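Please consult the sequence and the coordinates while reading.

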Amino acid sequence: MTELPDDLLEILACPRCHGPLVAEPASLRCDRCRVRYPVAGGIPVLLTRDAIPLDDVAPA
Ligand SMILES: [Zn+2]
């Protein structure tokens, strides 16, 4: 479950590619850019500066 309401998710877009975002428990993911945007206290931080590359997460 995400902290964000569904209607908010519908209007949010990736700041880099303007593509759709996928809700995760504490972040929003862009599969096109392969990055995550953190959600801090229910507020999505949609800044390319703060984007976290998915490739940084090593597979278990
Ligand atoms: Zn993107």
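Helices (H or I, at least four residues) and strands (E, at least two) are DSSP runs, numbered from the N terminus. The model is predicted, so local features need pLDDT of at least 70 and side-chain atom pairs pLDDT 80 or more, whereas totals for chains, interfaces and linings use all residues. Residues are numbered from 1 along each chain as its sequence is written.

Q: Is Pro15 buried, partly exposed or exposed?
A: Pro15 lies in the loop between helix H1 (6-11) and strand S1 (22-24). A residue is buried if 20 or more other C-beta atoms, placed from the backbone, lie within 10 Å of its own, exposed if 12 or fewer, and partly exposed in between. Because Pro15 has 15 such neighbours, its class is partly exposed.

Q: Which residue in the turn between S3 and S4 has a positive phi?
A: S3 and strand S4 (residues 43-44) are antiparallel and share 2 bridges, with Val39 partnering Pro44. Their hairpin has 2 residues between the strands, and the turn residue with a positive phi, about 60°, is Gly41.

Q: Which residue of S5 stands opposite Arg36?
A: S3 is also joined to strand S5 (residues 52-53) by 2 bridges, in antiparallel orientation. In S5, the residue opposite Arg36 is Ile52.

Conventions
Two strands pair if DSSP finds at least two bridges between them.
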